[in-house]
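Here is a short briefing on one protein model. Look over the structure first, then work through the points below.

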Amino acid sequence: MKRLMIMALAILSGVAALSAEARTLRYAIGHPPSSFVVDVAKQYAESVSELSDGDLKVRVFPMSLLNFAETSGGLRDGMADIGFVLTSYFPAEFPHSNVAVESSMLLGLLGDKVRGKEGMVFMGALSEFTFFHCPECNQEFAKQNQVYTGSTGGSSYGLVCNRPVESAADLNGMRLRVGAANWSRWTEAVGASPVTMSANEMYEALSQGVVGCIVLASPEIHNFGLADVVTDINMDVPGGPMPVAGTNINADTWKSLSAQQRTLMLRAASAFTAGIPWIYHQHEDRILAEAEQRGVSIHHADQDLVAKTNAFIEKDMDFIATDYQKRYNVSRGEEMITDFRELLEKWAGLVQDVDSEQQLVDLYWDEIFSKVDVSKHGL
């Protein structure tokens, strides 16, 4: 009998060990399976497995487990362990986070020193800001039962259209699909009308003339299958990327991980944070060139439209601070934007010599992610 009990305990111990080794985290991401973002998410999953020696695995659910609008709530409720959270979709839940997110057009004021590197600059600055300069941001995530592990996003947004746009006169009265409040305000400032719709409605809206342009990064033409309905592109305005909290983790899941596992999740997150801006910038020129070969016309904004856009950006910073104070009781919006502008300048300098994805990963890790205290963050 004693021998049987020992054998039974040994079997149970073996089953427990196998269960621990086989732990798989569910990652919900609203992008379609063919998108560049999902390609990077799969690399993230591979990184987690490699760094943990197989103790942790990540299963990516593109555009299936939760869509963009469902991800934050689903992650909060444990339907997913990791989620691609667009905080701009939830202004009431993440007001402090969105003060910085809505400041993305500030990159346009930095000129040539960030051109072609806008996403790399912004995601570095936003990740550093959120981890170390915005305790309110992390408190907001905690209220949604989430733990922040970095911000990511692609290249700057321009105008993907079914008609030519080069001037404010071309935009006057036009309907533009926008995905964030700052671009909605810019749209109104240049005399157009903003339209809000889900990403999976963009193709039909552009093809049927419901909108004249979509405010979008050029690689999204591939990601959302828009190539057949785009006839004109102008990437000069409005500018700024669409940042997301790309690898937020359910707080209960995070707390169940060991300190070593939390560190490796941050290590993988630093690669994810770098991977998306890198792949977007690598494909940006190629997608524009391919579009031009298909007969799509590439346009440039005239000086008047550029000047109006720059004037709007400066004015909008004051609006963001005031508006978020009135609507969401964000008391230090002006201070946050000032701090964030300094971080943008810092990161504009840091990324200048980056010429490979691994260099960007290492830079993010050394400057940001390695400095996160896993014995306190999210706990």
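In the class counts used here, Ala, Val, Leu, Ile, Met, Phe, Trp, Tyr, Cys and Pro are nonpolar; Asp, Glu, Lys and Arg are charged; the others, Gly among them, are polar. By these classes, the lining of the largest cavity has 15 nonpolar, four polar and two charged residues. The model is predicted. The points below cover its sheets, helices, cavities, pockets and backbone details.

- Strands of a sheet pair through backbone hydrogen bonds, either parallel or antiparallel.
- Which residue in β8 stands opposite Leu176? Cys213 does.

**The five-stranded sheet**

- Another open sheet has five strands, in the order β2-β1-β3-β10-β4. Its pairing is mixed too.
- β2 and β4 (146-147) stand at the edges. Each has a single partner strand, so one side of each is left without a neighbour in the sheet.
- Strand β1 (residues 23-29) pairs with β2 in the parallel sense, over seven bridges.
- Ala28 stands opposite Phe61 in β2.
- Helix α12 lies across β1, β2, β3 (82-85) and β10. The helix runs at about 160° to β10.

**A helix pair**

- Two packed helices are described by the angle between their axes and the distance between the axes.
- Helix α5 (residues 118-132) packs against helix α6 (residues 135-143) at an angle of about 80°. Their axes are 6 Å apart.
- Why is this pair called roughly perpendicular? Angles of 65 to 115 degrees count as roughly perpendicular, and the angle of about 80° therefore makes α5 roughly perpendicular to α6.
- Phe129, Thr130 and Phe131 in α5 meet Cys137, Asn138 and Phe141 in α6.
- This contact has four nonpolar, two polar and no charged residues.

**Cavities**

- Rolling a probe the size of a water molecule over the atoms shows where empty space is left.
- How many cavities of 30 Å³ or more are there? The count is two.
- The largest cavity has a volume of about 250 Å³. Its lining is made of 21 residues. His31, Leu86, Tyr157, Glu220 and Met242 lie nearest its centre.
- The second largest cavity has a volume of about 60 Å³. Among the residues that line it are Thr87, Ser97, Val101, Leu126 and Thr130.
- α4 (95-101) and α5 are the elements that give two or more residues to the lining of the second largest cavity.
- That lining has six nonpolar, four polar and no charged residues.

**Pockets**

- The largest pocket has a volume of about 670 Å³. Its lining has 27 residues, and Arg115, Glu118, Ser156, Met235 and Asp236 lie nearest its centre.
- α12 (259-293), β11 and α13 (303-328) each supply at least two residues of this lining. α12 gives the most, with five residues.
- By class, the lining of the largest pocket has nine nonpolar, 13 polar and five charged residues.
- The second largest pocket has a volume of about 480 Å³. Of its 24 lining residues, Tyr89, Arg177, Gly179, Thr196 and Met197 lie nearest its centre.
- α3 (68-76), α8 and α13 each supply at least two residues of the lining of the second largest pocket.
- The residues of that lining divide into twelve nonpolar, nine polar and three charged.

**Backbone details**

- A cis peptide bond joins Val237 and Pro238, with omega about 0°. Pro238 lies in the loop between β9 (232-234) and β10 (245-250).
- Asp53 has a phi near 55°, a positive value in a residue other than glycine. Asp53 is found in the loop between α2 (36-51) and β2 (56-62).

Methods. Residues numbered from 1 in each chain as written. Predicted model: local features only at pLDDT ≥ 70, side-chain atom pairs only at ≥ 80, totals over all residues. Heavy atoms only, no water. Pairing = 2+ DSSP bridges. Helix = DSSP H or I, 4+ residues; strand = E, 2+ residues; numbered from the N terminus. Axes fitted to C-alpha atoms, helices over the stretch in contact; angles between N-to-C directions. Parallel < 35°, antiparallel > 145°, perpendicular 65-115°, else oblique. Contact = heavy atoms within 4.5 Å. 1 Å grid on protein atoms, 1.4 Å probe; cavity = no way out; pocket = protein on both sides within 12 Å on 5 of 7 lines; lining within 4 Å. Points joined across faces, edges and corners; volume = space filled by probe spheres on them.
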